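The model is a predicted one.

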Amino acid sequence: MLRLRSLQLCNNAWRRFFHKSSSLATDRYHPTSSFDKRILVWVKKYHAVDQVPDSVPIQVMMRARDRARVKTMWFAIAATIVASIGVIISGKRAAARGDTVEKLNRDWHREYAQKPKT
């Protein structure tokens, strides 16, 4: 019971520390690098890189990074789907030509065995 109470106190302290109305969370600013400025423009928080201030509230930067992470994830999913479709089409064309992994392996071994050893 004592351990549970100490966990609740610790959780409440973190919640107060990161809560939006907390002075600690809203008064903290993050100095923006050129990469951070590009992220803020990419997630449409600002219209251009030169409009981004040198420091932004940490909550804004955290939210922008989260949105950028999600956008990047969606691009990765789309690229994976396109690559998978490409591999499927390539495999079907190879099957229509009669190319199989077994045949390619057999041909490679045959060429390797016929090659003179130096």
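Just after helix α3, K44 adopts a positive phi of about 65°. The helix itself covers residues 34–42, and its buried residues are D36, K37, I39 and L40. Viewed down the axis of α3, these buried residues fall within an arc of 160°, so they line one face of the helix. The face turned away from that buried side carries F35 and R38, which are exposed. Elements covering the buried residues of α3 include β1 (29–31), β2 (55–57) and α4 (58–97).

Helix α4 has 40 residues and spans 58 Å from its first C-alpha to its last, close to the 58 Å expected at 1.5 Å a residue. Its buried residues are I58, M61, A64, A68 and A94. G98 follows α4 and has a positive phi, near 95°.

| Residue | Position | Phi |
|---|---|---|
| K44 | just after α3 | about 65° |
| G98 | following α4 | near 95° |

Two packed helices are described by the angle between their axes and the distance between the axes. The axes of α3 and α4 come within 9 Å and cross at roughly 70°. Angles of 65 to 115 degrees count as roughly perpendicular, so α3 is roughly perpendicular to α4. On the α3 side, the contact involves D36, I39, L40 and W42; these meet V60, M61, A64, R65, A68, K71, T72 and F75 in α4. By class, this contact of α3 with α4 has 8 nonpolar, 1 polar and 3 charged residues.

Methods:
Residues are numbered from 1 along each chain as its sequence is written. This is a predicted model: local features need pLDDT of at least 70, side-chain atom pairs count only at pLDDT 80 or more; totals for chains, interfaces and linings use all residues. Side-chain values use heavy atoms; hydrogens and water are left out. Buried means under 20% relative accessible area, exposed over 50%, partly exposed in between (1.4 Å probe, protein chains only). Helices (H or I, at least four residues) and strands (E, at least two) are DSSP runs, numbered from the N terminus. The arc is that of the directions from the helix axis to the C-beta atoms. Contact means heavy atoms within 4.5 Å. Axes are lines fitted to C-alpha atoms, for helices over the stretch in contact, and angles run from 0 to 180 degrees between N-to-C directions. Angles under 35 degrees count as roughly parallel, over 145 as roughly antiparallel, 65 to 115 as roughly perpendicular and the rest as oblique. Ala, Val, Leu, Ile, Met, Phe, Trp, Tyr, Cys and Pro count as nonpolar, Asp, Glu, Lys and Arg as charged, and the others, Gly among them, as polar. The expected span of a helix is 1.5 Å times one less than its number of residues.
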